[in-house]
Amino acid sequence: AGATEEITTTTKSTQGKATALPGNPQMPESLAALCSLLAHRKFAGAFVDRGGVRALLALPRGPLTHHWFARCLFGVSQVTSAMERLLAPPASSSVSTARRCVDAALEALEGGHDSARRHAALFLSLSFPFPAILD
């Protein structure tokens, strides 16, 4: 019963889905595992196609997650086909995912650790060949 109580205090329900609170100690480890998986082209493509980048952008960022968040963005940017899918024009008039990724990378450049700044800069450098990034 104690373990169940601990788990329920670190998650909350949003429309039937469990989301992590900022104090979730497993988030850095989860992002590290995600970074490893993003090195695989098929996974990176499926991650983008299924809205993984939008979910990644929705995660709370803090001192423990800034590095891994920027590293995940860099992981996506290393796979050209995933970047092409990510940078496709948005279906709605909402702010594009590409714009949100650039904003997040710029945020990491301003206030992250050295490694977060490095991976954010690498993400931006690999993104510049795509015209959607410059818009």
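T97 is located in helix α7, which spans residues 97-111; helices here are DSSP runs of H or I with at least four residues, numbered from the N terminus. The model is predicted, so local features need pLDDT of at least 70 and side-chain atom pairs count only at pLDDT 80 or more, while totals for chains, interfaces and linings use all residues. Residues are numbered from 1 along each chain as its sequence is written, and side-chain values use heavy atoms, with hydrogens and water left out.

With a relative accessible area of 15%, T97 is buried (buried means under 20% relative accessible area, exposed over 50%, and partly exposed in between, for a 1.4 Å probe and protein chains only). Neighbours within four places in sequence aside, T97 is in contact with V53, R54, L57 and L86, where contact means heavy atoms within 4.5 Å.

Helix α7 also holds R99 and D103, four residues apart and separated by about one helical turn. These two residues form a salt bridge whose closest N and O atoms are 3.4 Å apart; the term denotes a side-chain nitrogen of Lys or Arg within 4 Å of a carboxyl oxygen of Asp or Glu. Side chains of opposite charge can pair when their charged atoms come close. Both partners are partly exposed, R99 at 43% relative accessibility and D103 at 33%.

Across the whole structure, a search finds three salt bridges. Another of them joins D49 to R85, with 3.3 Å between the closest N and O atoms. Because D49 belongs to helix α3 and R85 to helix α6 (residues 80-86), this pair ties together parts that are 36 residues apart in sequence. R85 is partly exposed, with a relative accessible area of 41%. In helix α8 (residues 114-127), D114 and R117 lie three residues apart, about one turn of the helix, and their side chains meet in a salt bridge at 2.2 Å, N to O. D114 counts as exposed at 55% relative accessibility, whereas R117 is partly exposed at 31%.

Helix α3, residues 41-49, contains F43 and F47, four residues apart, about one turn of the helix. The ring centres of F43 and F47 are 6.1 Å apart and their planes are at 20 degrees, so the pair is stacked (rings of Phe, Tyr and Trp, the last by its six-membered ring, pair if their centres lie within 6.5 Å; planes under 30 degrees apart count as stacked, over 60 as edge-to-face and the rest as tilted). F43 is partly exposed at 30% relative accessibility, while F47 is buried, with a relative accessible area of 14%.

How values were computed
Helices (H or I, at least four residues) and strands (E, at least two) are DSSP runs, numbered from the N terminus.
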